Amino acid sequence: MDTQGTERVNGGAIETKVETADFRSPAGHEEPTKEHVGVVHLTRKNKESGTGDGIMARTAAAVTNTIKSAKDAIVGRGKSNTSN
């Protein structure tokens, strides 16, 4: 496999970009097609700088709240009805 890569420091992480090829076989075609792609690997120097309890947890909480609000709106339990 012929790949080329570059590395640079991005804040508290090392960003490694690799140029490589992706082979896919579209439905109904027997021969795979070759597509040049770039893949970026992000390696954090400090484990605490990861997204552990940060971005992913906040995103999950926001999605949960949005779903609950939508469900309450459909059922008819909007904010104005919660004091009843």
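I call a residue buried under 20% relative accessible area, exposed over 50%, and partly exposed in between (1.4 Å probe, protein chains only). This is a predicted model, so I kept local features only at pLDDT of at least 70 and side-chain atom pairs at pLDDT 80 or more, while totals for chains, interfaces and linings use all residues. I number residues from 1 along each chain as its sequence is written, and side-chain values use heavy atoms, with hydrogens and water left out.

Overall fold. I took helices (H or I, at least four residues) and strands (E, at least two) from DSSP runs, numbered from the N terminus. The protein has 1 helix and 3 strands, in the order β-β-β-α. Of its 84 residues, 8% are buried. I read an accessible surface of about 7,400 Å², with 53% of it on carbon and sulfur atoms; the areas come from the Shrake-Rupley method with a 1.4 Å probe, and for residues only the protein chains shown count as cover.

Strand β3. I looked up Val-40, which lies in this strand (residues 33-44). I count contact as heavy atoms within 4.5 Å. Beyond neighbours within four places in sequence, Val-40 is in contact with Glu-15, Thr-16 and Lys-17. Val-40 is partly exposed because its relative accessible area is 49%. At 33% relative accessibility, Val-39 is partly exposed.

Helix α1. Just after α1, Gly-76 has a positive phi of about 100°.

Salt bridges. I required a side-chain nitrogen of Lys or Arg within 4 Å of a carboxyl oxygen of Asp or Glu. How many did I get by this rule? The count is 3.

- Lys-17 pairs with Glu-19 at 3.6 Å, N to O; Lys-17 is partly exposed at 38%, and Glu-19 is partly exposed at 35%.
- Asp-22 pairs with Arg-24, with the closest N and O atoms 2.6 Å apart; Asp-22 is partly exposed at 21%, whereas Arg-24 is exposed at 52%.
- Asp-72 pairs with Lys-68, with the closest N and O atoms 3.0 Å apart. Both lie in helix α1, 4 residues apart, about one turn of the helix. Asp-72 is buried at 13%, whereas Lys-68 is partly exposed at 49%.
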